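User: I'm new to this one. Can you put it up and walk me through it?

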Amino acid sequence: MLRKGFMKLYFALLLSILAFVGCKKESNSIDENYAFLGGQIINPKNNFVVIAKPETIQDTIILDGNNRFLYKIESLNEGLYTFRHGDEFQMVLLEPQDSLLLRLNTLDFDESLVYSGKGAKKNNYFIEEFLRNEKQEKSVFKYCQLDAKDYEKKI
């Protein structure tokens with residue numbers, strides 16, 4: 001009697017495990033191939049942001065009453081996108097299922113740009129490298145204005 005109860009329990013447990021392991025979620029890559037990009041613009045120059053893939057405008061997003069926007073990119077082509085506001089623009093790397101928010105002040109566009117959310121770490125790294133490179137370029141340009149001997153000493 002005890003053995004029969006044990007066998008039923010064993011069989012039920014085995015069926016449960018097989019059902020759990022056997023039920024694999026079907027992945028639909030179309031449904032998962034999207035990204036969100038949004039944020040807030042402090043001191044906006046106009047009431048919209050333009051999202052583009054190099055040489056192709058993706059969409060124009062109107063800022064809400066709090067100067068915020070949110071956009072879902074369907075059928076995402078992974079890679080670099082640009083967002084433009086006023087006469088400034090910056091690149092952003094988007095990968096499937098990123099949910100990236102940005103915050104920037106147009107009075108100090110690049111220097112104030114900060115990302116948060118999924119995908120923020122890589123984009124914050126890129127903007128820091130961009131700013132570091134921009135600073136280095138300014139130094140090198142100043143050196144180019146020196147005479148040859150002073151230039152050699154600096155380099």
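Analyst: A term to begin with: helices (H or I, at least four residues) and strands (E, at least two) are DSSP runs, numbered from the N terminus. The chain has five helices and eight strands. This is a predicted model, where local features need pLDDT of at least 70 and side-chain atom pairs count only at pLDDT 80 or more, while totals for chains, interfaces and linings use all residues. Residues are numbered from 1 along each chain as its sequence is written, and side-chain values use heavy atoms, with hydrogens and water left out.

User: In what order do the elements run from the N terminus on?

Analyst: The order is α-α-β-β-β-β-β-β-β-α-β-α-α.

User: What is the strand order in the sheet with mixed pairing?

Analyst: That open sheet of four strands has the order 4-1-7-8. Two strands pair if DSSP finds at least two bridges between them. Strand 4 (68-73) and strand 8 (114-118) each have a single partner strand, so one side of each has no neighbour in the sheet. From one strand to the next, the twist averages 15 degrees; axes here are lines fitted to C-alpha atoms, for helices over the stretch in contact, and angles run from 0 to 180 degrees between N-to-C directions.

User: How many bridges join strand 1 to strand 7?

Analyst: Seven, between residues 35-42 and residues 99-105, and the two strands run parallel. Ile 41 has Leu 104 of strand 7 as its bridge partner.

User: Which helix packs on that sheet?

Analyst: Helix 4 (residues 120-144), which touches strand 7 and strand 8. Its direction makes about 160 degrees with that of strand 8. Contact means heavy atoms within 4.5 Å.

User: Take Asn 123 in that helix. Buried or exposed?

Analyst: Asn 123 is buried, with a relative accessible area of 2%. Buried means under 20% relative accessible area, exposed over 50%, and partly exposed in between (1.4 Å probe, protein chains only).

User: What is Asn 123 in contact with?

Analyst: Leaving aside neighbours within four places in sequence, Asn 123 is in contact with Val 92, Leu 93, Leu 100 and Tyr 115.

User: How accessible is Tyr 34? And Phe 36?

Analyst: Tyr 34 is partly exposed at 22% relative accessible area. Phe 36 is also partly exposed, at 26%.

User: Which charge sits over the ring of Tyr 34?

Analyst: The charged end of Lys 72, 4.8 Å from the ring centre. Likewise, Lys 53 lies over the face of Tyr 81, 4.6 Å from the ring centre. A charge sits over a ring if NZ of Lys or CZ of Arg is within 6 Å of the ring centre and within 35 degrees of the ring normal.

User: And how much of the chain is buried?

Analyst: Buried residues make up 25% of the 155 residues.
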